[in-house]
Amino acid sequence: MEVIAPQAVDTLIRLLAGDGYEVVGPTRRDGAIVYDRVGGLDDLPVGWTDEQAPGHYRLRERDDQALFGYVVGPHSWKKYLFPPEDTLFRLTRQPDGSFVTEPGISEAPRRAFIGMRACELAAIDVQDRVFLDQAVQDRGYAARRQDLFMVAVSCAEPGGTCFCASMDTGPRAREGFDLALTEVIDATQHFLVAEAGSEAGRAMLDRLDPRPASDAEQAAAERVWAEAPEKMGRQMPADAREVLNRALEHPRWEETAERCLSCSNCTLVCPTCFCSQVEEVPDLEGQRSERVRRWDSCFNQEHSHLVGGAHRDSVAARYRQWITHKLATWHDQFGTSGCVGCGRCITWCPVGIDITEEVTAVRRDPEGRA
Amino acid sequence: MAPDTVQPPPGSALPEQAMAPQPWRIHSVRRDVASNEVFSWELRPEPGVEPGPLPAPGQFNMLYLFGVGEVPISVSATTAEGGVVHTTRAVGSVTRAMQGLEPGAVVGLRGPFGSQWPLEQAKGRDLVLVAGGIGLAPLRPVIHAALERRSDFGRVVVCYGARSPGDMLFRDELDAWDRRDDLDLRITVDRGTAAWRGDVGVVTQLVERGGFDRRNTLAMTCGPEVMMRFTAATLERRGLKPEDIFVSMERNMRCAVGFCGHCQIGPHFVCRDGPVFPYPVMEPAFRIREL
């Protein structure tokens, strides 16, 4: 086990930028911690934390200078790998009435992601299955995914809407990273335990002036890993899949629909939701046109558009589609849950609908008698 | 870190043909219905276009109109010249824009996609095909294939329900099928005309007449969901096993390869796992509202 100083994270960002990476990490903007370009430690939300509850998110200052003393905000890395808007193809009309199809310009800079949480590594694994482990691969996703340098952070202080421990995706980053950091901070010490997960990660760690961890430092890191799961604000029942598969006609969905605004916030902040629509964007002269893919949501009525009207017209049916897909049918489709326990859908739901509470309620009353 | 990439299993369209619309020219157009609402195109690839595998009965292509958009349309025939025939009803913005196109116009095509009617599984058995409205189009390649290898099958019964005599598709072909001794064509309409001498009423009535071996029949049905549901119920009542009944489903589709998420029915992506499904697999979708 090796230790680096907090300042080494600044060095890490600068070295990655020097190596040609576009470095992206958490930064404070508009009262939230979002993901954007970072140039050094100054851009990180050092000394800040977030308070999260259903429909509630607030930043506040910490009484220490922790680098990663917060959990996940409204952004996820999805916006870089599966961008909200992506030109798939550009088509040009030919004089004989035919047309030529060219790939959309998918600029795919080599990116380094700083501060990825264990749930977010799991989310990328989920989207890999959706976009890469298929008969036809999504080329844009594959290109953007290819040369990532991933710096993970094991959560020390999970938030009020977190439940990754019950999804078995965190809070400790165990795999899928190049470098993983665990921050230890108290009145007497502040350091990061660093682990390399790849050759590139090992080479980078060697440039950060690491030193072997002392027994006390090792024990401190192990305490973080042991205690973090106990600090989860929420928990998902382990049998969520079975519970939901039996609850397709449960009256709960009608009740939830009375609160649900079908605003699609949950699907936008979800790091695994992948629904999209493709729009035709022609130029005014009718000579060029583009196929533009945009994020869509199963909460939009248009999502299930059919001749004769939307198939899932009621909000209850749309909520049921979302929760059963996420927690049940996703297993059938991709061999994993679509939920990684990050809690974003709970925090960013304007009316505070809680996915764990929904499953728990249906589980408690499978027949819907109450 | 780069993920381990998984080698694609044998799919329908090859990856290169799956995503980008390729130019195909309209070789011929036929309009069956007086309102011109339904039109069939024979499409042939433009020079330089490498066509995908020949579409199998039941599969569909994504058809694209430059500057307008893209829609999934089932294949209603293939031709000896390598052409693909699509029969479309003008009901949305894209299909309405396609409606007026004449031979020589170029449209985009990618595919074929989706599952196939289980013709091999029907070998040596009676074949019952039940079509409602435009649902005849995806079943038409099955009829073509069955007549081509007629001795592979027992009795072939085609039940077709149209809204009115004027809404019937492929009239000349229906007449030709009707004259054959080796195909039992039954037609009904929702609303007759003064000249109509045939059946009036729902298509399930035609199924009720039997004329197939309940122990050795495979049935395929395509049409409105309510029609398929009652057809399946009728067939079951006549002694068919649910797993010998196949349905073709329609859902919103944008990508045809399982990325866009729109066409899900429970765990199934209609574009990839369907559109043709064994009836028991789709049974919950017929039973549970808005699934």
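Helix H9 (residues 252-259) and helix H11 (residues 315-334) of chain A pack with their axes 8 Å apart and at an angle of about 105 degrees. This is a predicted model, in which local features need pLDDT of at least 70 and side-chain atom pairs count only at pLDDT 80 or more, while totals for chains, interfaces and linings use all residues. Residues are numbered from 1 along each chain as its sequence is written, with chains lettered from A and ligands numbered from 1 in the order in which they are written. Helices (H or I, at least four residues) and strands (E, at least two) are DSSP runs numbered from the N terminus. Axes are lines fitted to C-alpha atoms, for helices over the stretch in contact, and angles between N-to-C directions run from 0 to 180 degrees.

H9(A) and H11(A) are therefore roughly perpendicular to each other; angles of 65 to 115 degrees count as such, under 35 as roughly parallel, over 145 as roughly antiparallel and the rest as oblique. On the H9(A) side, A:Trp253, A:Glu254, A:Thr256 and A:Ala257 meet A:Val315, A:Ala316, A:Tyr319 and A:Arg320 of H11(A), where contact means C-beta atoms, placed from the backbone, within 7 Å. By class, this contact has 5 nonpolar, 1 polar and 2 charged residues. Ala, Val, Leu, Ile, Met, Phe, Trp, Tyr, Cys and Pro count as nonpolar, Asp, Glu, Lys and Arg as charged, and the others, Gly among them, as polar.

A:Ser264 is not a glycine, yet has a positive phi of about 75 degrees. A:Ser264 is buried, with 20 other C-beta atoms within 10 Å; buried means 20 or more such atoms, exposed 12 or fewer, and partly exposed in between, with C-beta atoms placed from the backbone. A:Asp209, also not a glycine, has a positive phi of about 60 degrees and lies in the loop between helix H6 (199-206) and strand S12 (211-212) of chain A. A:Asp209 is partly exposed, with 13 other C-beta atoms within 10 Å.

Two cis peptide bonds come next. One runs from A:Gly170 to A:Pro171, with omega near 5 degrees, and A:Pro171 is in the loop between helix H5 (164-167) and strand S10 (179-185) of chain A. Another joins B:Gly274 and B:Pro275, with omega about 10 degrees; B:Pro275 is in the loop between helix H7 (270-273) and strand S15 (276-278) of chain B.

Chain B contains a closed barrel of 6 strands, ordered S1-S2-S5-S4-S3-S6, with antiparallel pairing. The twist averages 45 degrees from one strand to the next. Strands pair if DSSP finds at least two bridges between them. S1 (residues 22-31) and S2 (residues 38-45) of chain B share 7 bridges, and B:Ser28 has B:Glu42 in S2(B) as its bridge partner. S1(B) and S2(B) form a hairpin with 6 residues between them, and B:Asn36 in the turn has a positive phi of about 60 degrees. S2(B) is joined to S5(B) by 6 bridges, with B:Ser40 opposite B:Thr87. Between S3 (residues 60-65) and S6 (residues 106-113) of chain B there are 4 bridges, and B:Leu63 stands opposite B:Leu109. Helix H3 (residues 136-148) of chain B lies across S4 (69-78) and S5 (84-89), at about 25 degrees to S4(B).

Definitions and conventions:
Contact = placed C-beta atoms within 7 Å.
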